[in-house]
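Thanks for making time this morning. I would like to walk through one model with you, going from the overall fold to a few helices and single residues.

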Amino acid sequence: MHPDVPPAARADFDRAVQYMRSGNATEAELGFKQVALQYPQFSAPLVNLAIMQRKEGHLEQAETTLKDAVARERGSAVAWTELGATQRLRGEFREAASSYEQAIAADPRYAPAWRNLGVVSDLYLGDPNRALKAFEQYKELTGEDKPVSGWIAELRQRLGVAPAKRPASAPAGEGSAPAAPGDAQPSNKGAPDQSAPAGKPPQPQPGSSPVNAAAGTAAGHTGG
């Protein structure tokens, strides 16, 4: 459950979001700080403030801001996922995995947390079993086929797990039906986290693995 958003808080928050999207970082930062001060029950102003700090390369400051955000609103899957993404960028891989798990506990249907948990588990923590479970759950929630299906197949092969059987009714060669995952867009290796602007990623080579990206853009979500 998220706290109710008063109309005044929504208006002030939306104004700061518009500044953020238009590139007016100074006014956006002031706006988010003001909303966070007036309405301490909300995490979203701090999440967006941290996204700006992270984009500017202030990773330690962004992590501190996001820890404040999750302390205010522990049920915000977006805030926990952004914290995990920031921790991953700082090389704090176990802490990042823990934050993604907190996001999943807050909202098991928040697909970006599953995807990011899979990435950090496989590429940084050497835990392909957890990665496989996370990617399979991500695919189930989003219906996304490429490149996730390739990652799942590679992990199954590595672990010696038999490929998942197709439903009997599915025509040969037909993959999962695509679904719009909202703010959860895939990211290429080395690209900024998804809360920052990112270009269209190239398709990974066969057998390649995904790379972590914070998938929940907080802008526009007052209740995270």
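This is a predicted model: local features need pLDDT of at least 70, side-chain atom pairs count only at pLDDT 80 or more; totals for chains, interfaces and linings use all residues.

Read along the sequence, the protein chain follows the pattern α-α-α-α-α-α-α-α-α, that is, nine helices and zero strands, where helices (H or I, at least four residues) and strands (E, at least two) are DSSP runs numbered from the N terminus. Residues are numbered from 1 along each chain as its sequence is written, and side-chain values use heavy atoms, with hydrogens and water left out.

Of the 224 residues of the protein chain, 45% count as buried; buried here is under 20% relative accessible area, exposed is over 50%, and partly exposed is in between, with a 1.4 Å probe and protein chains only. The protein chain exposes about 11,200 Å², of which carbon and sulfur atoms supply 52%, the areas coming from the Shrake-Rupley method with a 1.4 Å probe and, for residues, with only the protein chains shown counting as cover. Taking the contacts in the protein chain with a separation of 6 or more, residues 24 or more positions apart account for 60% of them, a contact being heavy atoms within 4.5 Å.

Let me begin with helix 1. Its 16 residues should span 22 Å at 1.5 Å a residue, and its end C-alpha atoms are 23 Å apart, which agrees; the expected span is 1.5 Å times one less than the number of residues. The buried residues of helix 1 are A9, F13, A16 and V17. They cover an arc of only 105 degrees around the axis, which puts them on the same side of helix 1, the arc being that of the directions from the helix axis to the C-beta atoms. An α-helix has 3.6 residues a turn, so residues three or four places apart point the same way. On the other side of helix 1, P7 and S22 are exposed, whereas the buried residues of helix 1 pack against helix 2 and helix 3. After helix 1 comes G23, with a positive phi near 90 degrees.

Which residues of helix 2 are buried? They are A28, G31, F32, V35 and A36. These cover an arc of only 130 degrees around the axis, which puts them on the same side of helix 2, and on the other side T26, L30 and L37 are exposed. The buried residues of helix 2 pack against helix 1 (7-22), helix 3 (44-55) and helix 4 (59-72).

How do the axes of helix 3 and helix 4 lie, and at what angle do the two pack? The angle is about 170 degrees, with the axes 8 Å apart; axes are lines fitted to C-alpha atoms, for helices over the stretch in contact, and angles run from 0 to 180 degrees between N-to-C directions. That makes helix 3 roughly antiparallel to helix 4, since angles over 145 degrees count as roughly antiparallel, under 35 as roughly parallel, 65 to 115 as roughly perpendicular and the rest as oblique. Among the residues that meet there are L46, V47 and L49 in helix 3, and L59, Q61 and A62 in helix 4.

**Helix 7 and some single residues**

Helix 7 (residues 111-124) is another matter to look at in detail. G126, whose phi is positive, near 60 degrees, follows helix 7.

In helix 6 (residues 93-106) we find A97, which at 3% relative accessibility counts as buried. Leaving aside its neighbours within four places in sequence, A97 is in contact with L117, V120, L125 and R130. E95 is also found in helix 6, but at 41% relative accessibility E95 counts as partly exposed.

Finally, a cis peptide bond joins K146 and P147, with omega about 0 degrees, and P147 is found in the loop between helix 8 (128-142) and helix 9. R156 has its place in helix 9 (residues 148-159) and, at 14% relative accessibility, counts as buried. Not counting residues up to four places away in sequence, R156 touches L132, E136, V161, A162, P163 and A164.
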